[in-house]
Amino acid sequence: MHRNTFKIITLFCATVFSTASFATVSVVKKSNVKNNNVESAKILYVGDVTEKSVTELIASIDEINASYPALKHLYLYINSGGGDMASGYMAYEAVKSSPVPITTVNSAFVGSAATLFYCAGKERLSMPAASFMLHPAAASNIKQDYLKPNEIAQIK
């Protein structure tokens with residue numbers, strides 16, 4: 001994030017805690033800074049990729065884009081082991097189509113469905129000790145949760 005001594009750049013922090021029971025969005029902003037002076041914002045996405053958490057993420061992206069006309073850059077910090085692939089695709093489209101460019105940052109761990117929207121960022125960064133987890137695609141199965149291609153080959 002660049003520093004501009006002439007204008008005050010504030011931190012907009014929308015934290016999305018995704019659990020089955022709740023999602024929370026909170027804002028941290030200096031009270032004396034007007035929305036027209038905010039040039040940079042940050043979203044923290046922590047938790048599983050679910051319909052609810054991705055809906056909160058999309059709402060946060062849309063609200064930031066609508067509320068801060070001078071916004072030049074949006075940072076999306078991700079710490080997620082993944083989850084629902086369809087929700088991951090929804091988040092991918094939201095990140096990719098944001099009018100303000102989004103830089104995605106692996107803040108600790110990005111895995112599975114979370115890699116979808118991580119890869120959607122105009123720029124992709126990672127903290128030094130962060131890690132990624134990718135695995136083969138899986139198909140639903142009545143007897144198990146999901147079958148991976150290598151498990152299908154073993155069954156044959």
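User: What makes serine 87 a residue in contact with parts of the chain beyond its neighbours within four places in sequence?
Analyst: In this predicted model, a contact requires heavy atoms within 4.5 Å. Once the neighbours within four places are left aside, serine 87 is in contact with Val49, Thr50, Glu51 and Val54. Serine 87 itself is found in helix 2.

User: Why is serine 87 called buried?
Analyst: The term buried applies under 20% relative accessible area. Serine 87 has a relative accessible area of 0%, and therefore counts as buried.

User: Why is methionine 90 called partly exposed, and in which helix is this residue found?
Analyst: Methionine 90 is also found in helix 2. Buried means under 20% and exposed means over 50%, with partly exposed in between. The relative accessibility of methionine 90 is 38%, so the residue counts as partly exposed. Leaving aside neighbours within four places in sequence, methionine 90 is in contact with Val54 and Ile58. The C-alpha atoms of methionine 90 and leucine 116 are separated by 9.2 Å, although these residues are 26 places apart along the chain.

User: How do you know that the buried residues of helix 2 line one face of the helix?
Analyst: The buried residues of helix 2 are Ser87, Gly88, Ala91, Ala94 and Val95. Seen down the axis of helix 2, these residues fall within an arc of 120°, so they line one face. The cover over them includes helix 1, strand 3, strand 4 and helix 3.

User: What makes the span of helix 2 close to the expected one?
Analyst: Helix 2 has 12 residues, and the expectation at 1.5 Å a residue is 16 Å. From its first C-alpha to its last, helix 2 reaches 16 Å, which is close to that expectation.

User: How do you know on which side of helix 1 its buried residues lie?
Analyst: Ser53, Val54, Leu57, Ser60, Ile61, Ile64 and Asn65 are the buried residues of helix 1. They cover an arc of only 125° around the axis, and therefore lie on the same side of helix 1. The face turned away from this buried side carries the exposed residues Glu51 and Ala66. A general rule applies here: an α-helix has 3.6 residues a turn, so residues three or four places apart point the same way. Helix 1 has 17 residues and reaches 24 Å from its first C-alpha to its last, close to the 24 Å expected at 1.5 Å a residue.

User: Why is serine 131 called partly exposed?
Analyst: Serine 131 has 34% relative accessibility, so it counts as partly exposed. Serine 131 is found in strand 6 (residues 131-133). Beyond its neighbours within four places in sequence, serine 131 is in contact with Asn106, Ala108, Phe109 and Val110. Serine 131 and serine 107 are 24 residues apart in sequence and 8.8 Å apart in space, C-alpha to C-alpha.

User: How do you know in which strand confidence is lowest?
Analyst: The mean pLDDT is lowest in strand 1 (residues 13-18), at 36, and highest in strand 5 (residues 123-126), at 98. Over residues 1-23 the pLDDT is below 50, and this stretch has 64 contacts in the model beyond near neighbours in sequence. For the protein, the mean pLDDT is 81, and 77% of residues reach 70 or more.

Key. Residues are numbered from 1 along each chain as its sequence is written. This is a predicted model: local features need pLDDT of at least 70, side-chain atom pairs count only at pLDDT 80 or more; totals for chains, interfaces and linings use all residues. Side-chain values use heavy atoms; hydrogens and water are left out. pLDDT is the predictor's confidence in each residue, from 0 to 100. Helices (H or I, at least four residues) and strands (E, at least two) are DSSP runs, numbered from the N terminus. Buried means under 20% relative accessible area, exposed over 50%, partly exposed in between (1.4 Å probe, protein chains only). The expected span of a helix is 1.5 Å times one less than its number of residues. The arc is that of the directions from the helix axis to the C-beta atoms.
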